[in-house]
Amino acid sequence: MQLTIQRLVERYQQGERTFHGLDLSGCDLSHLQLSEIDLSHSTLREASLVGTDLEWAILRNVNLPKANLTQAHLHRANLRRANLTTATLQQTDLRAADLSGATIADAVFIDSNLWGTIAPDGSPLYLTTRSTH
């Protein structure tokens, strides 16, 4: 489904929250307020979501390979079966997010808050990642 970022934001601001199956590959969604949005089955390959508010977002089966989620707010987000391969999640708030069944191969979690996050294997996490330098 094709939809411009401007039109997505307009519809979101009008109260619409469900946007399934979008292709937002390479789009810049940085610093947008998109809490409670449902982007299930969408593709955000190489998208920039720097500082984006995605609290309580539904991101089931979303493809996010190589996406930049630095400083994104994903508190309580549903990322079940999401593909986060090689995504950057630096200083990302993932508190109580659900990553059950997600693919996180080579994803970068530096200085991210994972307190209460459900890991891909279904177990709870209670940690904050730290940088190695």
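**Entry 1: what I am looking at.** I kept in mind throughout that this is a predicted model.

**Entry 2: the cavity.** How many cavities of 30 Å³ or more does the structure hold? I found one. The volume of the largest cavity comes to about 60 Å³. I then listed its lining: Leu39, Leu44, Leu49, Leu54, Leu59, Val62, Leu64, Leu69, Leu74, Leu79 and Leu84. Sorted by class, that lining has 11 nonpolar residues, with no polar and no charged ones.

**Entry 3: the core.** Next I turned to the largest nonpolar core, which has 35 residues. Which of them touch the most other members? My answer is Ile37, Leu69 and Leu74. Two of these names, Leu69 and Leu74, were already on my list for the cavity lining.

**Entry 4: Leu59.** Leu59 sits in the loop between α1 and β1 (88-90). Is Leu59 buried or exposed? With a relative accessibility of 4%, Leu59 counts as buried, because the cut-off is under 20%. Leaving out residues up to four places away in sequence, I found Leu59 touching Leu39, Leu74, Asn78, Leu79, Arg80 and Ala82.

**Entry 5: helix α1.** I moved on to α1, residues 5-13, where Leu8, Val9, Arg11 and Tyr12 are buried. These four lie on the same side of α1, because they cover an arc of only 165° around the axis. A helix has 3.6 residues a turn, so residues three or four places apart point the same way. On the face turned away from the buried side I found the exposed Gln6 and Gln13. Gly15 follows α1 and has a positive phi, near 110°.

Entry 6: I noted Asn61, with phi near 55°, and Arg81, with phi near 60°. Asn61 lies in the loop between α1 and β1, and Arg81 has its place in that loop too. Asn61 counts as partly exposed at 25% relative accessibility. Arg81 is partly exposed as well, with a relative accessible area of 45%.

Notes:
Residues numbered from 1 in each chain as written. Predicted model: local features only at pLDDT ≥ 70, side-chain atom pairs only at ≥ 80, totals over all residues. Heavy atoms only, no water. 1 Å grid on protein atoms, 1.4 Å probe; cavity = no way out; pocket = protein on both sides within 12 Å on 5 of 7 lines; lining within 4 Å. Points joined across faces, edges and corners; volume = space filled by probe spheres on them. Nonpolar A, V, L, I, M, F, W, Y, C, P; charged D, E, K, R; others polar. Core = buried A, V, L, I, M, F, W, Y, C linked by side-chain atoms within 4.5 Å. Buried < 20%, exposed > 50% of the residue type's maximum accessible area, 1.4 Å probe, protein only. Helix = DSSP H or I, 4+ residues; strand = E, 2+ residues; numbered from the N terminus. Arc of directions from axis to C-beta. Contact = heavy atoms within 4.5 Å.
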